[in-house]
Amino acid sequence: MAQGLLGKLDRAAFLHRHWQKRPLFVRGAIPACGEWLERGQLFNWATRDDVESRLVSCDRGRWSVQHGPFRPSWLKRLPARGWTLLVQGVEQIHAAGAALLQHFSFIPHARLDDLMVSYAPPGGGVGPHFDSYDVFLLQGEGTRRWRIGAQRDHALVENAPLRILKHFHHSKEWLAERGDLLYLPPRYAHHGVAVDACSTLSVGFRAPQRQQLAAGFLDFLQDRLQLEGIYTDRDLPLQRHPARLPDGLLRHFSQTLQKIRWNQGDIRRFAGTYLTEPNAHSVFRPPRRALALPAFARRLARKGARLALPTRMLFGGEDFFINGEHHRVNHGHAAALMRLADERAVPPFVPSASAARLLHAWYRAGYVEI
Ligand code: SIN
Ligand code: CO
C-alpha cells in the first residue's frame, strides 16, 4: 500500500530519527518510480563518452569491473546472468531523473551527489558492501532482494576490484518492488540481488572529506594571493657555515606566511565555488542562436527560466554560485535567483537590469534555459 515518500514519518521526524543514524524501508514511497527508464535507454547511455558507466560482474566468485563507454555490440552479447550495469549522473541527462531528485529537496542541495541507475538480470548485484555516504535506493522495474546488517566488521575481500565485504551478516531482509525505498546511512552493510530483471535508482549524497576540503581551500587561496616584495639582506654578516639556514631568512619566511589571511567571506566563496564545481562528465550546451539581452529579458517576464540539467547552483548571503563561479547579487535582486537555486526553476518575473544581465550570461553559457 502506498504511504508517501517516508512512510508514516514526516520529513522532520525522518531527519531526527533516521538521517545518518538508522535505515528505513518504505513500501510504495514513489509508486511509479522509474517508469520512464527503459533498459534500451540505459544501455544507450552506457555507450556515451560523456556519461560515466560501469559493468560489475561476478563469475564463479571472481568479481570484475569494466568502465564505459561500451560498444553497443558488446553490450548486446552480455550473458543472461551475473552482471550489473551502472550509470552515474542520470539527473544530468534526463529530465525525469532530475525531477526524481526534487523529492529529496528537504536535504540541502550542497549534500546531493547524483542519481545512479543500475540494471541487472536475475541474480545480478554488486555484492555485499557498504558505501561511505547516505543513499536512498529506489526500486524501478522488477524485484530486488535487499539484505542489510549493522555490522562493525568492515573487512574487505582482498584484491577484489571493488569493495566486497569479507563477512556479511544480515539482520533484515525485504523484497523491493517498484516504488519501494530503502534509506541507508553511511557505512551500513547491504546486499541487493535481482530476483528478476530489475533496475534500481540510487539517490546518493556526498560529504566533504577534511583532507580534500583543506587541499581545495589552499588551491583557492593560491589563486587570490598577492604578496608584494622580495627578501633582502643588506646587513648580511660574514658566514662561518654557509650551509646553515640564515635566521633572517627564516624570519622572512615566517613573516610572509603569516600574511596569508582569510575571513568568513573567503570561506563562503570557497565553499560555494567548490561545491558547485561541475564534474568531469558535465556538458553545458549553449543555445545555438542566443537571444539578445532585451529579447531574453522579455522572455523571462513571459516564461520564467530553469537551470540546465547539469547545473549546480547554491547561494549564501548575497553570494551566488553556479557551476564553480561566484557572483555577488544585490539583496533587492536576489529573490528570483534564490528561487531558481532552490527549485531549479523560476516562474515569469520582470528582472532588474543587473539580474537580467547575469541570467543572460548564464543562458549564453548553457547554465540556464528559458
Ligand atoms: C545497485 O543498484 O545494484 C547497487 C546499489 C547499491 O548497493 O549501492
Ligand atoms: Co551500495
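User: How do the residues of the shell around ligand 1 divide into nonpolar, polar and charged?

Analyst: Happy to start there; keep in mind that this is a predicted model. The shell is made up of T84, S118, V126, H129, D131, L137, R144, W146, H190 and T200. Asp and Arg count as charged, while Val, Leu and Trp count as nonpolar. Sorted this way, the shell has 3 nonpolar, 5 polar and 2 charged residues.

User: How far does a polar side-chain atom of S118 lie from an oxygen atom of ligand 1?

Analyst: Good one to check in the structure! A polar contact is a pair of N or O atoms within 3.5 Å. D131 has a polar side-chain atom 3.4 Å from a ligand 1 oxygen, and for an N or O atom in the side chain of R144 the distance is 3.3 Å. For S118, the distance is 2.7 Å.

User: What percentage of the accessible area of ligand 1 does the protein cover?

Analyst: Let's begin with the ligand by itself. On its own, ligand 1 has 260 Å² of accessible area. Of this, the protein covers 94%.

User: Which residue forms a salt bridge with D50?

Analyst: Nice follow-up! Across the interface of the two domains there are 5 residue pairs in polar contact and 1 salt bridge. A salt bridge needs a side-chain nitrogen of Lys or Arg within 4 Å of a carboxyl oxygen of Asp or Glu. For D50, the closest N and O atoms are 3.8 Å apart, and the partner is R285.

Note on methods
Residues numbered from 1 in each chain as written. Chains lettered and ligands numbered in written order. Predicted model: local features only at pLDDT ≥ 70, side-chain atom pairs only at ≥ 80, totals over all residues. Heavy atoms only, no water. Near = heavy atom within 4 Å. Polar contact = N/O pair within 3.5 Å; in protein donor to acceptor, adjacent residues only side chain to side chain. Areas by Shrake-Rupley, 256 points an atom, 1.4 Å probe, with all protein chains shown as cover.
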